[in-house]
Amino acid sequence: MGVDRSQLLAETENLETDERSGAIAKHSNNSTRLQRADFPNRNWTIEKSENLYRIGGWGEPYFSINAAGHVTVSPQGDRGGSLDLFELVNALRERNLSLPLLIRFSDILEHRIERLNACFAKAIARYNYAGTYRGVFPVKCNQQKHLVADIVRFGRPYQFGLEAGSKPELMIALAMLDTLGSLLICNGYKDREYMETAMLAQRLGQCPIVVLEQIEELPLAIEVSRSLGIEPMLGVRAKLSARGVGRWGTSSGDRAKFGLTIPEIIEVVDRLRSEGMLGSLQLLHYHIGSQISSISVIKEAIQEASKIYVELAQLGANMKYLDVGGGLGVDYDGSQTNFHASKNYTLQNYANDVIAEVKDACDERNVPVPMLISESGRAVSSHQSVLIFDVLSTSGVPADLPAIASDPEEEHPIIRNLSETYKSISVENYQEAFHDATQFKEEALSRFNFGYLSLTQRASADRLYWACCKRILEIARQQEYVPDDLEDLEKIMASIYYVNLSVFQSAPDSWAIDQLFPIMPIHRLDEEPTERGIIADLTCDSDGKIDQFIDLRDVKPVLEFHPLKSGEPYYLGLFLGGAYQEIMGNLHNLFGDTNAVHIHLTPKGYQIEHVVKGDTMTEVLSYVQYNAEDLVENIRRRSEQALLEKRITLQESQRLLQNYERSLGRYTYLSP
Ligand SMILES: *Cc1c(COP(=O)(O)O)cnc(C)c1O
């Protein structure tokens, strides 16, 4: 649908409009698209960089660009000061913190928690909702100790709690949560030990609610409660028929992995009643998947869940809580649409819809409204971290013309044809010229394979082809509409930017599920980025690359970069990666955890609250059972042998051993 998404930008997220949601435009188009070069060199401005990288869309209110052309961070949103990210990175490097470096801004986390709670408070006031909101953070989104500790600390004024989805997460939540009155939601599959531990936590003054995910957990819960003499707080997770869409669409529906079907929920009620324990059943939970892009899906789910809630109350359960799970989306591409990398609603829309729907359903049947719980993980933790990495080198497509014989008759006919095609390219025929050039190039290849074209001639043919592509691309970028068959041109001509990073370790969802994260240079933004390229990482895996980038419409196959300047670093930032990426990251090629720092804004500047050193090679090797000392000993023995046999000098062997030993204690990434 033809709504201009850029117009929508101004209106929503920041202002947190009071309206309940109305769905906003859809993505119109699924194909890749050429980037128009409407950014002439002469008067490049910071605003142009802002538009190009869409930082206003996804970055508000935390990230923007300053007059120096650097990305700035305002960790406290509109209220606080800001930091120059480029200068911060330089200062951290001077403290011996190498790239890649994960920078966490604890103030952003605080701001997110405040904002979530403020939106619910506003919705509650607006709809005269007689209940309260009590959020919990799902620990699985980011289990890092400093982060969980910050969430508990910042959440204290709101009695913000934690949600555990497994036994190890329960261990974290139990030990870390010490806010009076906050909730500890116990999800995930449970064995006796899990169940006992959760129920016993009541005796510590905590509010653990054991959510039954499977019908088999019911007899276990009853038995454990009997043997401990503890009356537990129980919940049921419902399989809603309202379904999420996209990646996590199968998290709900009758065939979903988790939750109880409606007949099973009735079975729980009957059984608890017959055991005299119906008073324990207090919570209804659902979770229809993460990153729900469309508010209509959220509404549909809350409508269905509210109905179930009301019915449960009327069946005699002691209903007090409705837990709407996660799913609150993050606008990765800043488009404010129902595209999978975006969301067509604001936090305030979300809170309003949830509160209003629940109130309507309860009022209708005269059931007291529940305390509302949300388990928003992505929306709370995504913004707080920025991953900074440097570009090591680039490789472009050689598009300069090869030397051609002065007498065209002397050249191979294919080369002649390509050369003539090149000369003929114009605005009138560029599309046709592309087809001609492509055809000649294919012909050149097949002649080469049959032995009729020399390697040198093939090199000339390839270069002429790329020269044609370059010229055609320059023309195509100026056009309002680009024909579909030219859409691959950007990809053909893309440079490769080699970066000091492992996609598998630091942005695993980009590799695993094609998730989009905003990526951009954090400096030189007052300069036109004249290059277009894709990102290739350090791993020896051809999947270790990023070749899809956020765009206003759909995605783009290349990102705009600046040419490297010799002797100067070029820093890129990957933003909004604070949820899920850290723990899902893996050790492919044995690249370990990156260095991480926690930065807190102070009136005078900033304070480095924590430094979490990345893995050393010794640590990474120990995960795969190598003992560093044994390895060194091995090398030592072999160099002694080589010395004996005079294959190595003493000096060489010392150097080798020194390098080997020193490396083991070092970071797994490349040093500058
Ligand atoms: C993953 C998960 C969440 C968090 O979802 P987000 O979309 O990140 O907010 C919440 N609840 C449950 C049960 C989950 O499995």
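Colleague: Ground rules before we start?

Modeller: This is a predicted model, where local features need pLDDT of at least 70 and side-chain atom pairs count only at pLDDT 80 or more, while totals for chains, interfaces and linings use all residues. Residues are numbered from 1 along each chain as its sequence is written, and side-chain values use heavy atoms, with hydrogens and water left out.

Colleague: How many helices and strands does the protein chain have?

Modeller: There are 23 helices and 23 strands. Both are DSSP runs, numbered from the N terminus: helices are H or I with at least four residues, strands are E with at least two.

Colleague: What does the C-alpha trace span along its principal axes?

Modeller: About 100 × 75 × 55 Å.

Colleague: And what share of the residues is buried?

Modeller: Buried residues make up 56% of the 672. Buried means under 20% relative accessible area, exposed means over 50%, and partly exposed is in between (1.4 Å probe, protein chains only).

Colleague: Give me an example. Is A507 buried or exposed?

Modeller: A507 counts as buried because its relative accessibility is 2%. It sits in the loop between α18 (503-506) and α19 (508-512).

Colleague: New topic. How many cavities are there?

Modeller: Five of 30 Å³ or more. On a 1 Å grid over the protein atoms alone, a cavity is a set of points where a 1.4 Å probe fits but cannot get out. A pocket is an open set with protein on both sides within 12 Å along at least five of seven lines, and lining residues have an atom within 4 Å of a point.

Colleague: Why roll a probe at all?

Modeller: Because rolling a probe the size of a water molecule over the atoms shows where empty space is left.

Colleague: How much space lies in the second largest cavity, and what lines it?

Modeller: About 70 Å³. That volume is the space filled by probe spheres set on the points, with grid points joined across faces, edges and corners. The lining includes Y286, I298, G326 and Y350. The elements that give two or more residues to this lining are α11 (295-314) and α12 (347-365).

Colleague: What classes are those lining residues?

Modeller: Eight are nonpolar, two are polar and none is charged. Here Ala, Val, Leu, Ile, Met, Phe, Trp, Tyr, Cys and Pro count as nonpolar, Asp, Glu, Lys and Arg as charged, and the others, Gly among them, as polar.

Colleague: What about the second largest pocket? Which residues are closest to its centre?

Modeller: That pocket has a volume of about 620 Å³. Of its 33 lining residues, K140, R237, F258, H287 and Y580 are closest to the centre. By class, the lining has ten nonpolar, 14 polar and nine charged residues.

Colleague: Where is Y580?

Modeller: In the loop between β21 (571-575) and α20 (581-584). Y580 is buried, at 13% relative accessible area. Its phi is near 70 degrees, a positive value in a residue other than glycine.

Colleague: What is phi for N128?

Modeller: Near 50 degrees, also a positive value in a residue other than glycine. N128 is exposed, with a relative accessible area of 62%.

Colleague: Which residue does E114 pair with?

Modeller: R79, with the closest N and O atoms 2.9 Å apart. E114 lies in helix α5 (residues 106-126) and R79 in the loop between β2 (71-73) and β3 (83-84), so the pair ties together parts 35 residues apart in sequence. R79 counts as exposed, at 58% relative accessibility.

How values were computed:
A salt bridge is a side-chain nitrogen of Lys or Arg within 4 Å of a carboxyl oxygen of Asp or Glu.
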